[in-house]
Amino acid sequence: HHAQANRRRLLLLYVAGGLLPGLVAAVVLGVLVGPVAGSVAGAVVLAVVAVGLVRGAVPIALRVVGGRAVSAVEVPALANLGDGLWATFGVRPPHFWLVDAPVANACTMAGTSGHAVLVVTTGLLDRLGLIELEGVVAHELAHVKRHDASVSAVAVATVGPIAMLTGSDRWLRVAVGRGREYAADRLAVLQVRYPPGLRDALTAIGHNPAPGPGSVFTGGRWAATRWVWIDPLVGAGEDAQPEGLLDATAVRRAALAEW
């Protein structure tokens with residue numbers, strides 16, 4: 001059900017991404033040549049941009065996030081934990097991407113092929129133990145399984161520029177959908193050996209330091225990516241529950257106390 005809903009969401013994002021350049025092309029060619037030529041040009045441009053997003057969304061999103069690709073040898077904890085989890089979730093082993101930041105956080109971007117990129121910060125690797133880290137990895141693999149990670153990449157690539165310009169993450173939140181972090185938590189704890197590990201991870205993440213200047217967790221880049229991270233409330237305080245959101249870190253931690 002969730003995977004089908006996300007496929008529909010992806011289709012809408014592809015069309016939305018190509019709509020503006022398609023309209024521009026249609027208007028320009030319509031004025032210069034004629035309405036028929038404008039309509040054809042608009043449709044062609046929309047299709048080209050949409051197809052380009054299929055291939056280019058993940059690289060664009062990773063460029064916004066910052067960081068670099070790393071091998072499994074450079075992040076042995078992730079690689080060792082994942083050996084069992086990839087098969088458990090029935091997903092391909094992801095590539096690893098490391099962001100140099102003291103804030104503990106993680107997210108995942110994926111293409112339509114399902115091959116994902118697991119993004120973690122140095123702060124996450126430094127501050128979490130293996131049990132807590134297993135919970136975070138399981139949470140991110142749940143996003144891959146549900147096709148949330150594909151939506152994340154396309155949403156950042158299409159809606160992200162608007163968020164960066166305006167400083168508002170409202171449309172990104174709409175694009176990725178509400179309640180998805182909560183849903184990923186619930187799927188993750190069903191697959192790990194020690195379910196309280198994810199709750200403990202969210203507790204540690206809730207004590208994140210305030211991000212410094214230039215961090216991906218501040219300014220326009222934060223607005224463009226906020227709702228794809230496991231902790232979307234960086235800098236808001238451990239017990240922040242704005243509007244009682246299901247995706248609020250404190251709300252999710254309380255829900256996981258039942259496990």
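Visitor: Is Arg 193 buried or exposed, and how is that read?
Guide: Relative accessible area decides it: under 20% is buried, over 50% exposed and anything in between partly exposed, with a 1.4 Å probe and protein chains only. Arg 193 has a relative accessible area of 70% and is therefore exposed. The model is a predicted one, in which local features need pLDDT of at least 70 and side-chain atom pairs count only at pLDDT 80 or more, while totals for chains, interfaces and linings use all residues. Residues are numbered from 1 along each chain as its sequence is written, and side-chain values use heavy atoms, with hydrogens and water left out.

Visitor: Which residue forms a salt bridge with Arg 193?
Guide: A salt bridge needs a side-chain nitrogen of Lys or Arg within 4 Å of a carboxyl oxygen of Asp or Glu. Here the partner of Arg 193 is Glu 134, with the closest N and O atoms 2.9 Å apart. Glu 134, at 6% relative accessibility, counts as buried.

Visitor: How many salt bridges does the structure hold?
Guide: There are eight, among them one between the side chains of Asp 169 and Arg 226, at 2.9 Å from N to O. Asp 169 sits in the loop between helix H7 (160–166) and helix H8 (170–176), and Arg 226 in the loop between H11 and H12, so this pair ties together parts 57 residues apart in sequence. Both Asp 169 and Arg 226 are buried. Another joins Arg 199 to Asp 200 at 3.2 Å, N to O; Arg 199 is partly exposed, at 24%, and Asp 200 is partly exposed too, at 27%.

Visitor: Which residues form one aromatic cluster?
Guide: Rings of Phe, Tyr and Trp (its six-membered ring) pair if their centres lie within 6.5 Å, and planes under 30 degrees apart count as stacked, over 60 as edge-to-face and the rest as tilted. By this rule there are three aromatic pairs. Phe 217 and Trp 222 have ring centres 5.5 Å apart and planes at 75°, so they are edge-to-face. Phe 217 and Trp 229 are also edge-to-face, at 4.9 Å centre to centre and 65° between the planes. Phe 217, Trp 222 and Trp 229 form one cluster; Phe 217 and Trp 222 are buried, as is Trp 229.

Methods: Helix = DSSP H or I, 4+ residues; strand = E, 2+ residues; numbered from the N terminus.
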